[in-house]
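Opening the notebook on this one. I'm jotting down what I looked up, one item at a time.

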Amino acid sequence: MPLHIDVLTLFPRMLEGFLSESILGKGIERGLVSVQVHDLRQWCVDKHKTADDRPFGGGAGMVMKPEPVFAAFEQLQTPGCHRVYLTPDGTPFSEPIAREFSGKQHLILLSGHYEGIDQRIRDHLIDQEVSIGDYVLTNGTLPAAVVIDALSRFIPGVLGEEKSLTHESFTGKLLDFPQYTRPAEFRGMVVPKVLLSGDHSKVEAWRTARQIEKTRQVRPDLFQQHRHESHH
Ligand code: ADE
């Protein structure tokens, strides 16, 4: 059975183009993964379809009400499904988490909104809270898309070539080397000579040197990790 993902959001249309386009869209078409987007409003049953309310204890902003979210989970959840809430105060998302999610049978991704959601949702419905980075977005719908995109790369068959996975950033803990394609000279800007030499070991050495240089410059944290790992 392929992985099934349910996304719960107040902004379902934010995901339309994302799900139909590109490599992920093809993976969905080919049945390698299925994604269903649900408008949380359908579980807001009062006459104004209210999704939020004022916080107990006071303060600015609104809080997502528990009733619609509990009703949605009670309808959608399956035994053993993994329930994830996207929030800036969650565990930092990373490649190992993406790989883990790709191996599940059923994921439910809950996008929050407003200034937060009622804590009882987090306490009783959610297995894991995930942040995609230290910045605050207006809601968790784009973060849900980011999680789906990242995990889809670990589903067999989604990426055309298996090897395109292994050579990329973060698997080897160094950032990527620069890529060039034809023409060898464009408006006076030339491709590094070594890449045209046909000497594979020289090309490899040049690429590794560029990776190390780039990683040291822009990600000293990854560079230190790499140094520690290559010394053991
Ligand atoms: N919702 C708002 N900001 C977020 C973030 N950085 N990560 C996950 N969910 C979010």
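I started with helix α3 (residues 66-76), where the buried residues are Pro66, Pro68, Val69, Ala72, Phe73 and Leu76. Buried here is under 20% relative accessible area, exposed is over 50%, and partly exposed is in between (1.4 Å probe, protein chains only). Helices (H or I, at least four residues) and strands (E, at least two) are DSSP runs, numbered from the N terminus.

Ground rules: this is a predicted model, with local features needing pLDDT of at least 70 and side-chain atom pairs counting only at pLDDT 80 or more, while totals for chains, interfaces and linings use all residues. Residues are numbered from 1 along each chain as its sequence is written, and side-chain values use heavy atoms, with hydrogens and water left out.

Next I checked what covers those buried α3 residues: the cover includes β1 (3-9), β2 (33-39), β4 (63-64), β5 (82-92), β6 (106-111) and α5 (119-125). Contact means heavy atoms within 4.5 Å.

**Serine 152**

I found serine 152 in helix α6 (residues 141-152). Serine 152 counts as buried because its relative accessibility is 4%. Leaving out residues up to four places away in sequence, serine 152 touches Leu24 and Val158.

**Domains**

I noted domain 1 (3-152) and domain 2 (164-232) in the domain assignment of the chain, with bounds from an automatic or database assignment. Their C-alpha centres lie 36 Å apart.
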